[in-house]
Structure formats: C-alpha cells, structure tokens
Amino acid sequence: MILPPSFYERDTVTVAKDLLGCLLVHREETTTMGWIVEVEAYLRGDPAAHSYRGETKRNSVMFGPPGHAYVYLIYGLHTCVNIVTGSEGAGEAVLIRALEPAIGLDLIQERRGMNDPVSLASGPGKLTQALDITMDLNGTSLYNGPLQVGSPDSLPGRRPEGFPGEIVQTTRIGITKAADLPLRFYLKGSRYVSRR
DNA sequence: ATCAGGATTGGCT
DNA sequence: GCCAATCCTGATT
C-alpha cells in the first residue's frame with residue numbers, strides 16, 4: 001500500500017518516526033526495495049536544514065508539496081534522499097539514512113560491489129546507490145512516481161528487524177550546525193542502521 | 001569570477 | 001583515527 005499525501009502532511013517528527021519500518025521502493029526495469037530503519041528530521045528554523053537560509057534553486061523541492069523526494073548531491077560523489085514533510089512551504093524534510101534490503105538483493109549487491117547485507121544500504125549515500133536513486137528523481141512524487149513509499153505491511157509475512165518495536169532517538173550524524181538536536185531516529189535492535 | 005565547504009564513503013595507518 | 005575523492009552550491013569579491 002502506497003502511503004497517501006495526507007501521511008506526509010503532518011508534524012515532521014511524527015512522520016519521521018512513522019516512516020521507520022516502511023518500504024522505500026524504486027520501480028525500474030527491476031524493482032528494488034528496502035525497509036527504512038533510520039531517519040533524521042530537518043525542521044523549519046533548523047540551522048542544519050538546507051532550507052534554513054530560504055528557498056534557492058537547489059532546495060526548492062523542500063518548499064514544495066509534502067510527499068515528494070528531495071534529492072541532492074553531496075561531496076560531488078553521492079546523493080542523499082529526503083522526503084518532504086509538514087505543511088507546504090515549511091521547508092521541512094526527513095533524510096533517509098539507512099535501509100534493510102528487502103527485494104532485489106542481486107541487483108543491489110551488484111550496484112554496491114559487495115554482498116555483506118548489513119553494509120549494502122547502511123548510510124544515506126549507500127542506500128541511494130543500492131536503489132539507484134539519482135538526481136533525476138529530485139522533485140518526483142512518492143505516491144505517483146517511480147520512487148514510492150509503502151506501509152510496513154506491503155510484504156505480507158515479512159518485517160524489518162526490530163519492527164514493530166522501540167524507536168531510539170539520538171543526535172544527528174555528520175553535521176556541524178545544530179549538532180545537539182535529538183532528531184535522529186532508528187529501530188532499536190536493527191543491525192542495518194549506519195554506524196559511526 | 002572566485003572560492004570554501006559539504007546531511008559521505010572507503011581505504012589506509 | 002585520518003584523509004582523499006570530486007563537483008555543485010551559495011556566499012563573497
């Protein structure tokens with residue numbers, strides 16, 4: 001079941017926590033999917049958010065309607081994928097930081113050049129490579145496009161490790177501004193979260 | 001026009 | 001733990 005726009009148009013921290021256990025799906029020639037096991041919230045008035053200094057060409061998707069993908073290039077090498085949340089115009093989003101691979105293992109392993117399951121998508125740059133999430137998906141709808149988010153029961157009889165269960169809340173990783181805000185969330189007990 | 005730096009990763013010490 | 005890779009963006013001159 002693809003999540004409807006109304007799912008995203010709520011408090012960003014609530015959406016971030018509700019995204020844990022959901023499926024990120026990329027439908028191409030071959031479909032690949034992974035369960036979301038780690039996220040970070042970026043809020044209005046948050047110095048670490050790309051939207052902090054107002055709308056620019058790069059971050060304009062963050063100010064658009066919720067339920068769309070904000071994809072950006074980082075360090076000239078990797079892409080990161082966010083889900084726009086909250087009210088349109090708020091500039092809020094949830095960064096997907098780690099997935100537990102679910103479908104399309106062969107292709108994911110080929111793209112990543114490795115086969116250790118816990119390292120295939122345990123980082124924001126790793127998971128975009130695993131699911132082939134490139135800049136051309138920036139701005140696409142997550143309920144009416146090739147990149148989708150499904151509810152946790154989308155694969156009958158299967159669940160990500162640690163779900164349903166406790167959600168752990170910590171400070172965000174890899175940022176210098178507002179590094180003290182506790183806006184990172186992950187599934188307790190999952191071996192697929194990013195380390196560091 | 002120029003330039004510092006980044007929501008990272010993988011390899012090496 | 002340290003650092004290079006790699007290039008686009010936003011801020012500054």
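In the predicted model, Leu 24 is in contact with a set of residues beyond its neighbours within four places in sequence. These partners are Thr 32, Met 33, Gly 34 and Ile 36, together with Leu 99, Leu 127, Leu 131, Ile 133, Leu 147, Gln 148 and Val 149. Leu 24 is also part of the largest nonpolar core, which has 38 residues. Within this core, Leu 24 is listed among the residues with the most contacts, along with Tyr 8, Leu 19, Ile 36, Ile 133 and Val 149. Another core, of 13 residues, lies apart from the largest one. Val 61, Cys 80, Val 84 and Ala 93 are among the residues of this other core.

Ser 151 is located in the loop that lies between β6 (147-150) and β7 (167-170). Ser 151 counts as buried because its relative accessibility is 13%, and buried means under 20%. When neighbours within four places in sequence are left aside, Ser 151 is in contact with Met 1, Leu 3 and Cys 22.

The protein also has a surface near DNA strand C. By type, they divide into three nonpolar, two polar and two charged residues. For Thr 56, a polar side-chain atom lies 2.2 Å from a phosphate oxygen of DNA strand C.

Methods. Residues are numbered from 1 along each chain as its sequence is written. Chains are lettered from A and ligands numbered from 1 in the order in which they are written. This is a predicted model: local features need pLDDT of at least 70, side-chain atom pairs count only at pLDDT 80 or more; totals for chains, interfaces and linings use all residues. Side-chain values use heavy atoms; hydrogens and water are left out. A polar contact is a pair of N or O atoms within 3.5 Å; within protein, one must be able to donate a hydrogen and the other to accept it, and residues adjacent in sequence count only if both atoms are side-chain atoms. Ala, Val, Leu, Ile, Met, Phe, Trp, Tyr, Cys and Pro count as nonpolar, Asp, Glu, Lys and Arg as charged, and the others, Gly among them, as polar. A nonpolar core is a set of buried Ala, Val, Leu, Ile, Met, Phe, Trp, Tyr and Cys residues joined through side-chain atoms within 4.5 Å. Buried means under 20% relative accessible area, exposed over 50%, partly exposed in between (1.4 Å probe, protein chains only). Contact means heavy atoms within 4.5 Å. Helices (H or I, at least four residues) and strands (E, at least two) are DSSP runs, numbered from the N terminus.
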